[in-house]
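Trainee: I am new to this structure and would like to go through it step by step. May we begin with the terms that are needed?

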Amino acid sequence: MNDVSLDVKKGEFLSLLGPSGCGKTTTLRIIAGFEHPTKGSVFIKGELVNDVPPYLRNTGMVFQNYALFPHKTVYDNIAFGLKYRHFPKAQIKDKVKQALELVQLPGLEARYPKQLSGGQQQRVALARALVIEPDVLLLDEPLSNLDAKLRAQMRIELKQIQRRIGITTIFVTHDQEESMTLSDRTVVMDQGSIVEEGSPFQLYEEPKSQFVASFIGQSNFIDGKISEIGERDMKVSLSAGPLLTVPRQNEFRKGDDVTAFVRYERLEVLPAKPDDETNLMGGVMDHIMFLGTSYLYRIALTPSLMVIATEANTRRKQPYEKDSKVWIRVEPENVGLIRKP
C-alpha cells in the first residue's frame with residue numbers, strides 16, 4: 001500500500017475498483033480493523049480508531065464467501081452481533097424481523113444456510129451486517145459468487161437498500177459494471193496506489209490515464225501527436241497515418257505526444273464511403289462476433305493496426321462479411337486524448 005488516502009462522505013456509496021492484488025481488500029480490512037496500518041490513521045465519524053479492535057469499531061462487513069455460521073439458523077446468524085452486544089431478547093427479535101424484511105426474506109428465521117440459495121445467503125449476510133446499525137457498511141466482493149442474472153438483480157436490490165437506510169458504504173470489486181451501476185464515487189486502484197477517482201460518468205468519459213480508460217470500458221488506443229490547434233478544433237496526427245479532428249482542449253499544446261482512444265461502441269461502421277470524410281478511415285472486416293444484443297467487429301486499418309467496434313443488433317441479418325471493405329468513422333467529440341508520460 002502506498003499513501004492511500006480516502007475521505008468518504010456520510011451516506012456515500014464508494015467503490016474501490018481494481019484488478020486482483022491491487023490493494024483494495026487490504027484497504028477495506030484496514031478500515032475494519034482486521035489489518036493494522038504500518039503508518040497513517042483511520043478515522044470513523046471523526047474518531048481515531050487505529051487501536052480500536054474490529055468488534056468495537058461499529059462497522060458491518062459482508063465477506064466474499066458470506067462467512068455464515070453453518071450450524072446456526074438464519075435467526076441466530078443475524079442475531080449474533082446483537083447478542084454479543086447484550087441486547088435484550090425482545091429487542092433482538094424485533095431487530096432480526098426488521099432486518100429480514102429489509103432484505104426481503106421474512107419467515108426464513110428457522111432455516112440453516114445450507115437450505116438457502118446463494119442469493120438468499122447473500123441477503124442473510126447483508127442483514128447480519130446491517131442489524132447492528134453500523135456507522136459504515138463494508139462489502140468485500142459480495143456478489144462475485146452469484147450467477148450473472150442473480151448478480152444483476154442483487155445490484156439493484158443492494159443499491160435500493162443502501163439508499164433507503166442512507167448508510168455509508170465502501171464496496172470492493174474488480175467488476176467495472178458493478179462499480180458503474182452502484183457507486184456515487186469510484187476509486188480506481190493499481191499496485192497498492194490510488195490511480196484516479198471520480199463519479200462513474202467522469203471516469204468513463206474523461207479518464208486521465210490509459211490504465212483507467214482501458215480498465216473501465218473498452219477502447220481502441222492509438223499513439224499520436226498534436227499537429228495543429230485552431231480556435232475550436234485540434235488535429236492529431238496518428239502514428240498509424242490518419243489525421244483526427246478533436247475539440248480543442250486547452251491543456252494540450254502543439255507537439256504534445258498523446259494517446260487517442262475511442263470506445264468500441266462509438267466507432268461507426270459503414271458499408272460505403274460517406275460524403276463527410278471527417279475522421280473517416282477505410283479498412284477490411286477481419287473478424288465478426290455475434291454477442292446476442294450486439295455485434296463485435298475487428299477491422300484491419302493496416303496489416304499491423306486493428307480496431308474494434310460494437311454495433312447494436314437490430315434484428316437484421318448479419319450486416320457484413322469477413323474480408324469485406326468497410327469504413328469507420330468517429331465523431332470528433334467521441335475521441336478521448338491522454339497525455340503520454
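Mentor: A residue is called buried when its relative accessible area is under 20%, exposed when that area is over 50%, and partly exposed in between. Please keep in mind that this is a predicted model.

Trainee: Is Phe261 buried or exposed?

Mentor: The relative accessible area of Phe261 is 4%. The limit for a buried residue is under 20%. Phe261 is therefore classed as buried.

Trainee: Which residues of strand E6 are buried on each side?

Mentor: In a regular strand the side chains alternate between the two faces of the sheet. All 6 of the 6 residues of strand E6 (residues 168-173) are buried, so the strand is largely enclosed by the rest of the structure. Both faces are covered, with Thr168, Ile170 and Val172 buried on one side, and on the other Thr169, Phe171 and Thr173.

Trainee: Which residue of E6 is the bridge partner of Asp140?

Mentor: Strand E5 (residues 136-140) runs parallel to E6, and 5 bridges join the two. From E5 the chain passes through helix H5 (residues 148-165) to E6, in a β-α-β crossover that is right-handed. The bridge partner of Asp140 in E6 is Val172.

Trainee: And which residue of E6 is the bridge partner of Phe13?

Mentor: Strand E1 (residues 13-17) is also joined to E6 by 5 bridges, and these two strands run parallel. Within E6, Phe13 has as its bridge partner Thr169.

Trainee: Which residue of E8 stands opposite Asp190?

Mentor: Strand E7 (residues 185-190) pairs with E8 over 5 bridges, in the antiparallel sense. In E8, the residue opposite Asp190 is Ser193.

Trainee: Against which helices do the buried residues of H2 pack?

Mentor: The buried residues of helix H2 (residues 74-84) include Val74, Ile78 and Leu82. Just after H2, His86 has a positive phi of about 65°. The buried residues of H2 pack against two partners, helix H3 (89-102) and helix H4 (118-130).

Trainee: How far is the backbone nitrogen of Asp76 from a polar atom of the side chain of Thr73?

Mentor: Thr73 lies in the loop between E4 and H2, and its relative accessibility of 15% means that it counts as buried. Beyond its neighbours within four places in sequence, Thr73 is in contact with Glu109, Ala110, Arg111 and Tyr112. The distance from its polar side-chain atom to the backbone nitrogen of Asp76 is 3.2 Å.

Trainee: How many residues apart in sequence are the parts that the pair of Phe221 and Phe261 ties together?

Mentor: The rings of Phe221 and Phe261 form a tilted aromatic pair, 6.1 Å centre to centre with 35° between the planes. Phe221 is partly exposed, at a relative accessible area of 25%. Phe221 belongs to strand E9 (residues 219-229) and Phe261 to strand E12 (residues 257-263), so the separation in sequence of the parts tied together is 40 residues.

Trainee: Which residues form one aromatic cluster?

Mentor: The ring centres of Phe290 and Tyr295 are 5.3 Å apart and their planes are at 50°, so this pair is tilted. Tyr295 is buried, with a relative accessible area of 5%. The cluster is formed by Phe290, Tyr295, Tyr297 and Tyr320.

How values were computed: Residues are numbered from 1 along each chain as its sequence is written. This is a predicted model: local features need pLDDT of at least 70, side-chain atom pairs count only at pLDDT 80 or more; totals for chains, interfaces and linings use all residues. Side-chain values use heavy atoms; hydrogens and water are left out. Buried means under 20% relative accessible area, exposed over 50%, partly exposed in between (1.4 Å probe, protein chains only). Helices (H or I, at least four residues) and strands (E, at least two) are DSSP runs, numbered from the N terminus. Two strands pair if DSSP finds at least two bridges between them. A crossover is right-handed if, with the strands pointing away from the viewer, the path from the first strand over the helix to the second runs clockwise. Contact means heavy atoms within 4.5 Å. A polar contact is a pair of N or O atoms within 3.5 Å; within protein, one must be able to donate a hydrogen and the other to accept it, and residues adjacent in sequence count only if both atoms are side-chain atoms. Rings of Phe, Tyr and Trp (its six-membered ring) pair if their centres lie within 6.5 Å; planes under 30 degrees apart count as stacked, over 60 as edge-to-face and the rest as tilted.
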